[in-house]
2 protein chains.
Amino acid sequence: MPRITHLEVRDIRFPTSRDKDGSDAMNPDPDYSSAYVVLHTDDGRAGHGSSFTIGRGNEVVCAAIRAHEHLVVGCRMEDFIADPGGFWHLLNNDSQLRWIGPDKGAVHLALAAIVNALWDLYGRIAGQPVWRLVSGFTPEQFVRCIDFRYLTDALTPEEALELLRRQEPSKAARVTELERVGYPAYTTSAGWLGYSDDKIRRLSREAVAEGWGHIKVKVGRDLQDDLRRLAIIREEIGWERRLMVDANQVWDVPQAIAWMKELARFKPWWIEEPTSPDDILGHAAIARALEPLGIGVATGEHGMNRILFKQLFQARAISFCQIDSCRLGGVNENLAVLLLAAKFGVPVCPHAGGVGLCEFVQHLGMIDFVCVSGSMDNRVCEFVDHLHEHFVDPCRVRNARYLVPERPGYSTEILPASLGAHEYPHGSAWVR
Amino acid sequence: MPRITHLEVRDIRFPTSRDKDGSDAMNPDPDYSSAYVVLHTDDGRAGHGSSFTIGRGNEVVCAAIRAHEHLVVGCRMEDFIADPGGFWHLLNNDSQLRWIGPDKGAVHLALAAIVNALWDLYGRIAGQPVWRLVSGFTPEQFVRCIDFRYLTDALTPEEALELLRRQEPSKAARVTELERVGYPAYTTSAGWLGYSDDKIRRLSREAVAEGWGHIKVKVGRDLQDDLRRLAIIREEIGWERRLMVDANQVWDVPQAIAWMKELARFKPWWIEEPTSPDDILGHAAIARALEPLGIGVATGEHGMNRILFKQLFQARAISFCQIDSCRLGGVNENLAVLLLAAKFGVPVCPHAGGVGLCEFVQHLGMIDFVCVSGSMDNRVCEFVDHLHEHFVDPCRVRNARYLVPERPGYSTEILPASLGAHEYPHGSAWVR
């Protein structure tokens, strides 16, 4: 079994703000970026991982990754594989580093990059894509991936085991189903806030032609704009397809309720990030106000850790749980949230987009289906058609479904040429 | 009015882990550190600010401070002084930087350092210590310091104004009282977890001799140790003085309740940080369980932002609110939390210790007394007797009370020789 000998960190940025791709009410000009880590081993292998940011601050996450070096270099992969939850706990609980979190912000984004690289390496060693690797775990192996600290008032290891054992007998059938039909997806490519009405109409029409049944658009900058844009979109997509709206945290709680009452006429399936991602009780208040209108509340892409998700479930604050492979501390903490969501009966609809998020979370949605929830009902994984060409193992979406990843690892590796061109600030994409 | 021309950042660390000062159940070996910033102006002035960390990761906060340079350099102090809340909002809402928070972690600690430096500069320009400067604000000026985003479901600007206007007529009398008697303090110097029983007994005896009426000790590593140590301390301090205990986040919710039922025989006034600082509903459950035992719940030193405190109040989760001058985004966000605490009737007992935290939060406790709560009842500001000798304007504690700071600014400036010696990794304190 290999030993980790070197932690390489690279500051990778794509100048996406030039075309307003990814623009929304809170983020008008993102430069999609990747705090990228490679774990090199003494047998010549490498595990790749990254955390997603939107430009400035990527160097801070890179510094936070480097700050973990003493916890990673020298470690044996057999220790990670034997006790992934214990290993995660050590990585997440350096007695000095945790002060600048704990479990949140730059240091937690850094943790995610490293943890995802460990899982990528694990998959390569096992010769399997991570979704399939975890699908093959026994319930005991699965539970061993979780750090239950701060969770036991909502979910104990014993309850988790019981939940997983219920799904165990039918797992093989669901793997076969996934291989046959893929995992359901929705598109966010049509409705960025920086796009013109004409572009939105054209993209909505294309989305229908491509077979999308779930379409998400950005709202929240100007109410009249939202009403006009949603009318265009409903004209194009009709009333059978599901329409989701996303405010990216711009509202206070009373404003969120008032604004959504205006948008209710367009029958949104969910309102995403109506207010601060930290406001559990605020989301609960919004959920109660919008329930009679048939609108669910979704959040999670800025859901900083498992403790926040635990409370969102306890408070009945969300109808859709949007895990993020990099905001949470990588695969392990995402598995914890899958279990919590299943216990509280909330469907998981992973957040994607950015750089590589689609590649990563597809694994997590599939693990949820095979091992945890056992269901695709009301479950859709976000898809945005950006930047996949930079990946060695890009996600493949056909007929609004993610096809199962086939290559060993966590689909995290970026092509060497792309890394070189987008290294900040000296790559060719940044030097004019 | 000066313009900011340069943002200087320094990585300052004190090797406190060598003596186990500051050791507790979560933090066995802290090296008290300061991510230190100096804002230089075109008229030769300087404002000093810093954020406190405990060693590794201080360089990450320094990187996060540098990431704010484009938001600060070139700014005029007259714009900050005219609209401190608006200025704070801009600093806290860089559209790309906020992704690695928002309002939390390294980027928020960095914000605090910069904001505190701005207030230090403001105090120097006004020729007043910050507590006195803010005490002289009209209610309208005070409210202009606050960014109400995400707060209006709990506190509107109008309610804040009303609350401040009620205290306005009696402010001058409270300033006089403060100058006469100082602000109440408690000591944490006796009970660090790394200390021997003998040292704890000696320090407890000394604390009594020095006149302390409130004494806090660390618990949570081992129940039998806690029982033995608390017995020693009660022997020394008697039952009239208030004893507080601090678990530094080590417990899950059920464990916190069970452990505190054991410690209840020593009549602790509060249990501090019984579990994850992010667990609002967990704190509320603990508070309900311990209320019949007469033990209050305290938290806040890791309270990441105003949105968390809002919910702690809404959920009736805490009986004592422990603001921190660096964990929250500097003076402005602390003023917001003072207002929320007053609205919900929760006493504010600021967190201190570390490097400079005593120097900074004494101002905030005094502002709370003069402008916001108008009361010293059940209010005590933490005091730890470490590292004050490195400050140009160290806090002065006599008879268990903070004396009012007299020098202009926010008491943030560290002596040049101390900065030089403790610069990491090349200062003389680090080069053996």
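Which strands of chain A does helix H1 (residues 58-66) lie across? Select the helix and look: H1 of chain A lies across S1, S2 and S3 of chain A. Its direction runs at about 175° to S1(A). Axes here are lines fitted to C-alpha atoms, for helices over the stretch in contact, and angles run from 0 to 180 degrees between N-to-C directions. Helices (H or I, at least four residues) and strands (E, at least two) are DSSP runs, numbered from the N terminus.

Before moving on, note what you are looking at. This is a predicted model: local features need pLDDT of at least 70, side-chain atom pairs count only at pLDDT 80 or more, and totals for chains, interfaces and linings use all residues. Residues are numbered from 1 along each chain as its sequence is written, while chains are lettered from A and ligands numbered from 1 in the order in which they are written.

**Stop 1: the sheet in chain A**

Now select the strands under discussion. They form an open sheet of three strands in the order S1-S2-S3, with antiparallel pairing. Two strands pair if DSSP finds at least two bridges between them. Strand S1 (4-13) and S3 of chain A are the edge strands, and each pairs on one side only. Neighbouring strands are turned by 15° against each other on average, direction ignored.

Zoom in on S1(A) and S2(A). Nine bridges join these antiparallel strands. Pick A:Arg10: its bridge partner in S2(A) is A:Tyr36.

**Stop 2: two domains**

Colour chain A by domain. The assignment gives domain 1 (4-158) and domain 2 (168-409); such bounds come from an automatic or database domain assignment. Taken over C-alpha atoms, the centres of domain 1 and domain 2 of chain A are separated by 22 Å.

How many residues of domain 1 of chain A are in contact with domain 2 of chain A? There are 50, and they meet 52 residues of domain 2. Two residues are in contact if their C-beta atoms, placed from the backbone, lie within 7 Å. Elements giving two or more residues to the domain 1 side include strand S2 (33-41), strand S3 (46-53) and helix H5 (105-126) of chain A. H5(A) gives the largest share, 12 residues. By class, this side of domain 1 has 27 nonpolar, 15 polar and eight charged residues. Ala, Val, Leu, Ile, Met, Phe, Trp, Tyr, Cys and Pro count as nonpolar, Asp, Glu, Lys and Arg as charged, and the others, Gly among them, as polar.

**Stop 3: helix against helix**

Two packed helices are described by the angle between their axes and the distance between the axes. Select H5(A) and helix H15 (residues 330-344) of chain A. Their axes come within 6 Å and cross at roughly 95°. H5(A) and H15(A) are therefore roughly perpendicular to each other, a label for angles of 65 to 115 degrees. Show the side chains: A:Leu111, A:Ala112, A:Val115, A:Asn116 and A:Trp119 in H5(A) meet A:Gly330, A:Val331 and A:Asn332 in H15(A). Five of these residues are nonpolar, three are polar and none is charged.

Next, select helix H9 (residues 171-181) and helix H16 (residues 357-372) of chain A. Here the axes come within 8 Å and cross at roughly 145°. A:Lys171, A:Arg174, A:Val175 and A:Leu178 in H9(A) meet A:Met366, A:Phe369, A:Val370 and A:Cys371 in H16(A). This contact has six nonpolar, no polar and two charged residues.

**Stop 4: both chains**

Chain A can be laid on chain B with an RMSD of 0.0 Å by a turn of 180° and a shift of 0.0 Å along the axis. That is the relation of a two-fold axis. Copies are superposed by least squares on the C-alpha atoms of residues with pLDDT of at least 70 in both. Which C-alpha of chain A is nearest the axis? Select A:Gly105, whose C-alpha is 2.1 Å from it.

Finally, select the interface. In chain A, 54 residues are in contact with 54 residues of chain B. Helices that each supply at least two residues of the chain A side include H1, H5 and helix H12 (253-263) of chain A. That side has 25 nonpolar, 17 polar and 12 charged residues. Of the interface residues of chain A, 100% are also interface residues in chain B, so the copies meet through the same surface.

How values were computed: Angles under 35 degrees count as roughly parallel, over 145 as roughly antiparallel, 65 to 115 as roughly perpendicular and the rest as oblique.
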